[in-house]
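Biologist: I would like to learn how to read a few features of a protein model. Could you take me through them one at a time?

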Amino acid sequence: MCSSDLAIDAHGNLFGTTNSGGIYDEGTVFEFSPRQGGGWTETVLHNFNPYTTDGLEPQSGLIVDSGGNLYGTAASGGINDEGTVFEVSPRQGGGWSETTLHSFGTGSDGYEPYVANLVFDGAGNIYGTTPFGGIHGSGVAFKLSPRQGGGYTETVLHSFGNGTDGAEPQSNLILDSAGNL
């Protein structure tokens, strides 16, 4: 089942996720490419695999960077089985590879990021929300910052549910030109 928004790249290709199906029935990342003369060609770019530390059951939409890399979240799986942020990138010579950028579920971290899409800023930071976890157990807003030499560092920007704010965020973040979320 596909319950996410579709992303589009500069060539008119559409990208999305399914939260089930695929080889392992744990979801897929797919592409629809326009065919010359009309119609579309579907390609499965990644099958989420329960036998690895891969994420499982992606339900949010994808975002595309200028290099054609795709970023999204998976509701479960990862090292702690609490969900992931992942990247699916085109390989030199063809095909695609998936990389887990962050596994949720440690300390005051959020978990099960299943609804909201991610957003980028101009420095390559990735922002999103989870409806669960954090200090109060009611979700977090987070930032993943690229590290020198590779990988990402997660920062919890806000833990929801302190009694005076909302709880369980389930909508997309937006970023204004001043960098405010």
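Biologist: Which residues form a nonpolar patch on the surface, and what accessible area do they have together?

Modeller: First, the ground rules. This is a predicted model, so local features need pLDDT of at least 70 and side-chain atom pairs count only at pLDDT 80 or more, while totals for chains, interfaces and linings use all residues. Residues are numbered from 1 along each chain as its sequence is written, and side-chain values use heavy atoms, leaving out hydrogens and water.

Modeller: A patch takes residues with over 30% relative accessible area and no salt bridge, joining nonpolar side chains (Val, Leu, Ile, Met, Phe, Trp, Tyr) within 5 Å and like charges within 9 Å. A salt bridge is a side-chain nitrogen of Lys or Arg within 4 Å of a carboxyl oxygen of Asp or Glu. Areas come from the Shrake-Rupley method with a 1.4 Å probe, and for residues only the protein chains shown count as cover. Here, Ile23, Tyr24 and Tyr51 form the patch, with about 400 Å² together.

Biologist: How many aromatic pairs are there?

Modeller: Rings of Phe, Tyr and Trp (its six-membered ring) pair if their centres lie within 6.5 Å; planes under 30 degrees apart are stacked, over 60 edge-to-face, and the rest tilted. The count is eight aromatic pairs. In one of them, the rings of Tyr24 and Tyr51 have centres 6.0 Å apart and planes at 75°, so the pair is edge-to-face. Tyr24 lies in the loop between strands E2 (14-18) and E3 (28-34), and Tyr51 in the loop between E4 (40-47) and E5 (55-56), so the pair ties together parts 27 residues apart in sequence. Strands (E, at least two residues) and helices (H or I, at least four) are DSSP runs, numbered from the N terminus.

Biologist: Is Tyr51 buried or exposed?

Modeller: Buried means under 20% relative accessible area, exposed over 50%, and partly exposed in between (1.4 Å probe, protein chains only). At 69%, Tyr51 counts as exposed, whereas Tyr24, at 33%, is partly exposed.

Biologist: What is the strand order in the open sheet?

Modeller: Two strands pair if DSSP finds at least two bridges between them. The four strands run in the order E1-E2-E3-E4, with antiparallel pairing. E1 (7-8) and E4 are the edge strands, each pairing on one side only. Seven bridges join E3 to E4, and Val29 stands opposite His46 in E4. E3 and E4 form a hairpin with five residues between them, and Gly37 in the turn has a positive phi of about 90°.
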